[in-house]
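Please open the model in a viewer and keep the selection panel at hand.

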Amino acid sequence: MMLNRFGKFTISVMVDIFDFIMPPIIGTFYDAFAVWIAVKLWGNAGYAGLWEILEFTDRADAFIPTVTLIGLYSEFIAKK
C-alpha cells in the first residue's frame, strides 16, 4: 500500500507522540520499532533514528520528534 505525503506524516507524528508517552524501559524497545517504521516510510534516512536507542534514559529523545524530522528532511531537503 502506497501512502501519500499526508499519510506518511500522520504516521510519523503518531509514532513520535507515542514515543513521548512511553515509560523508560519500554521506550528503548519502542525506539527500535520507531526506527523500523522510519525506514519503511522514509527509506535509508530512517536509520538516523538509531541515535534514540543510544540515549538509554529515554528522557531527551522523547522531546525530539525524530521520525517527523526525518520525514521533513526526506521530503523537502534531500529531494532538491
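Which residues in α2 meet which residues in α4? Ala34, Ala38 and Trp42 in α2 meet Val67, Ile70, Gly71, Ser74 and Glu75 in α4, where contact means heavy atoms within 4.5 Å. The model is a predicted one, in which local features need pLDDT of at least 70 and side-chain atom pairs count only at pLDDT 80 or more, while totals for chains, interfaces and linings use all residues. Residues are numbered from 1 along each chain as its sequence is written, and side-chain values use heavy atoms, with hydrogens and water left out.

**Selection one: α2 with α4**

Select α2 (residues 24–42) together with α4 (66–77). Helices are DSSP runs of H or I with at least four residues, numbered from the N terminus. The axes of the α2 and α4 pair come within 10 Å and cross at roughly 20 degrees; axes are lines fitted to C-alpha atoms, for helices over the stretch in contact, and angles run from 0 to 180 degrees between N-to-C directions. The two helices α2 and α4 are therefore roughly parallel, a term for angles under 35 degrees, whereas those over 145 count as roughly antiparallel. By class, the contact of α2 with α4 has five nonpolar, two polar and one charged residues. Here Ala, Val, Leu, Ile, Met, Phe, Trp, Tyr, Cys and Pro count as nonpolar, Asp, Glu, Lys and Arg as charged, and the others, Gly among them, as polar.

**Selection two: α1 against both partners**

The helices α1 and α2 pack at about 170 degrees, with their axes 11 Å apart, which makes α1 roughly antiparallel to α2. Residues of α1 that meet α2 include Phe9, Val15 and Phe18, and those on the α2 side include Tyr30, Ile37 and Leu41. The contact of α1 with α2 has 10 nonpolar, one polar and three charged residues.

Turn next to α1 and α4, whose axes come within 7 Å and cross at roughly 155 degrees. This makes α1 roughly antiparallel to α4. Arg5, Phe9 and Asp16 are among the α1 residues in this contact, and Thr66, Leu72 and Phe76 are among those in α4. The contact of α1 with α4 divides into six nonpolar, four polar and three charged residues.

Select Phe9, Val15, Tyr30, Ala34, Ile37, Ala38, Leu41, Trp42, Val67 and Ile70, which form the largest nonpolar core, of 10 residues. Such a core is a set of buried Ala, Val, Leu, Ile, Met, Phe, Trp, Tyr and Cys residues joined through side-chain atoms within 4.5 Å; buried means under 20% relative accessible area, with a 1.4 Å probe and protein chains only. In soluble globular proteins, nonpolar side chains tend to be buried together. Zoom in on Ala38: leaving aside neighbours within four places in sequence, Ala38 is in contact with Gly43, Gly46, Val67 and Ile70.

Not counting residues up to four places away in sequence, Asp58 touches Pro23, Pro24, Gly27, Thr28, Asp31 and Glu52. The C-alpha atoms of Asp58 and Gly27 are separated by 6.3 Å, although these residues are 31 residues apart along the chain.

Finish at Asp31 in α2, which is buried at 0% relative accessibility. Beyond its neighbours within four places in sequence, Asp31 is in contact with Asp19, Glu52, Ile53, Asp58 and Asp61.

Conventions:
Buried < 20%, exposed > 50% of the residue type's maximum accessible area, 1.4 Å probe, protein only. Parallel < 35°, antiparallel > 145°, perpendicular 65-115°, else oblique.
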